[in-house]
Structures are given as C-alpha cells and as structure tokens.
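Please read the points with the structure in view.

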Amino acid sequence: MTRAAGAPQGVEFDEDTSFVEVAPPAMEQALKSGSVDAVQAIEPFGTQMARSIGARVIADLTSGPTADFPIAHLGTTEKFAKENPRTVAAFQRAFVKAQAMAADRGTVEKTVPSYAKGIEAKVVSAMAIGTFPTTRDVNRIQRVADLMRRFGYVDEHIDVKRYVLSLPAS
C-alpha cells in the first residue's frame, strides 16, 4: 500500500532499504527515538501518537490508488473447506456479524480501551474508523493481487475468483 500510494507522487520505495518492521505498540517509541523517520500506523496507534507526541499524518493510505483497499483476508485450504463446509459457513456468518459490529462506532468505542492495552477512551473517540464490508467484492480483492504483480511480489497474474468462497445464505 505504501508503494502504491507513493507512486502517483513520484515517490519510490525500495523494499530492502526503505522499510523496517516495527510492531504497532512500539511505533511511538521508534519515532521518539529517531530509529525511524515515519511509520505506517494503524488505528488506534496513529491517533495515540498524534495525541502523545504530536505525530502527524503525512500520507493517507486509504485514499487515491488504495481507497477502499482490502488490507486483510482470512483463508483456509481447499481440502478443509470441502471436508468442513458447515464449519466454514459458520465462520463466514460469524465474520459478517463481527464486521457489522466493527462498523458500529459505539461498539468500537466501548471495546477498544479494554482490548488494546494503554489506549484510552478519549483516543478511541477521536480515531478514524475504517470500513468493514459485510459483502465480498471480488474486484476489490483483485486489486490486491494486481498491485502485488505490479510491484513484483508475484510473477504472474492471479485470478482471485478462483480462490474466493461464496458467502453462505443467511
């Protein structure tokens, strides 16, 4: 996402020299110590850093070429899905329910302070909350595979339709 967001601005990143892995809870300290110049922070850590050390957003990776970009998916093997269709269907239903809960700001504001150690309610109330789709859009998922190809993470085109299970009927 970082490489895709930088490209329209003429900014290129080298995977081997531009990036280091820092766990989200350690990002604030990494910025304060100067061991990194910038971080790609997820919420609530971005808002926490803005409040505690004055960190500011320099690029929004949820806009431009990466707007509505899916950032995570869950998967299983074809063998497991074929042998356990009821388990897979139950998981899919639970996940859709969880996505709907995550889209409810009130639920998020109640849950995050007890779940994410050190994140105060005032931070959660100020943070940006992403979108949590409850339907599967293969075209959105295809964008991930296409960017992986564009930036050399995979050598060939991946047709994601081959790998996506349909949602069960409610």
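**Notes on the predicted model**

1. Leaving out residues up to four places away in sequence, Gln48 touches Glu28, Gly118, Ile119, Glu120 and Val123, where contact means heavy atoms within 4.5 Å. Gln48 sits in helix H4, which covers residues 45–53. Helices here are DSSP runs (H or I) of at least four residues, strands are runs (E) of at least two, and both are numbered from the N terminus. Gln48 counts as buried because its relative accessible area is 17%. The classes are buried under 20% relative accessible area, exposed over 50%, and partly exposed in between, with a 1.4 Å probe and protein chains only.

2. This is a predicted model, in which local features need pLDDT of at least 70 and side-chain atom pairs count only at pLDDT 80 or more, while totals for chains, interfaces and linings use all residues. Residues are numbered from 1 along each chain as its sequence is written, and side-chain values use heavy atoms, with hydrogens and water left out.

3. What secondary structure does the protein chain have? The count is nine helices and zero strands, and from the N terminus on the elements read α-α-α-α-α-α-α-α-α. The C-alpha trace spans about 50 × 40 × 25 Å along its principal axes. Of the 170 residues in the protein chain, 22% are buried. Among contacts with a separation of 6 or more, 52% join residues 24 or more positions apart. The chain exposes about 12200 Å², of which carbon and sulfur atoms supply 54%. Accessible areas come from the Shrake-Rupley method with a 1.4 Å probe; for residues, only the protein chains shown count as cover.

4. Which residues make up the largest nonpolar core? There are eight: Phe45, Val108, Val112, Ala116, Ile119, Val123, Val124 and Met127. The elements that give two or more residues to this core are helix H7 (105–115) and helix H8 (121–126). A nonpolar core is a set of buried Ala, Val, Leu, Ile, Met, Phe, Trp, Tyr and Cys residues joined through side-chain atoms within 4.5 Å. In soluble globular proteins, nonpolar side chains tend to be buried together.

5. Val123, one of the core residues, touches Pro44, Thr47, Gln48 and Arg51, not counting residues up to four places away in sequence. Glu120, which is among the contacts of Gln48, forms a salt bridge with Lys122, the closest N and O atoms being 3.5 Å apart. A salt bridge is a side-chain nitrogen of Lys or Arg within 4 Å of a carboxyl oxygen of Asp or Glu. Glu120 is partly exposed at 44% relative accessible area, and Lys122 is partly exposed at 49%.

6. How many salt bridges does the whole structure contain? The search finds four. One of them joins Glu78 and Lys82, with the closest N and O atoms 3.2 Å apart. Another joins Lys79 and Glu83, at 3.4 Å between the closest N and O atoms. Glu78 and Lys82 are four residues apart in helix H5, so about one helical turn separates them; Lys79 and Glu83 are likewise four residues apart in helix H5. An α-helix has 3.6 residues a turn, so residues three or four places apart point the same way. Both Glu78 and Lys82 are exposed, and so are Lys79 and Glu83.

7. Two residues of the loop between H4 and helix H5 (78–83) deserve a look: is each buried or exposed? Leu74 lies in this loop and is exposed, at 57% relative accessibility. Thr66 lies in the loop between H4 and H5 as well, but Thr66 is buried, with a relative accessible area of 1%. Beyond its neighbours within four places in sequence, Thr66 is in contact with Met1, Ala4, Leu61, Arg143 and Leu147.

8. Helix H9 (residues 138–150) has 13 residues and reaches 18 Å from its first C-alpha to its last, close to the 18 Å expected at 1.5 Å a residue; the expected span is 1.5 Å times one less than the number of residues. Its buried residues are Ile141, Gln142, Val144, Ala145 and Leu147, and they pack against helix H1 (2–6).

9. Gln99 belongs to helix H6 (residues 85–102) and is buried, at 13% relative accessibility. Not counting residues up to four places away in sequence, Gln99 touches Phe132, Pro133 and Thr134.
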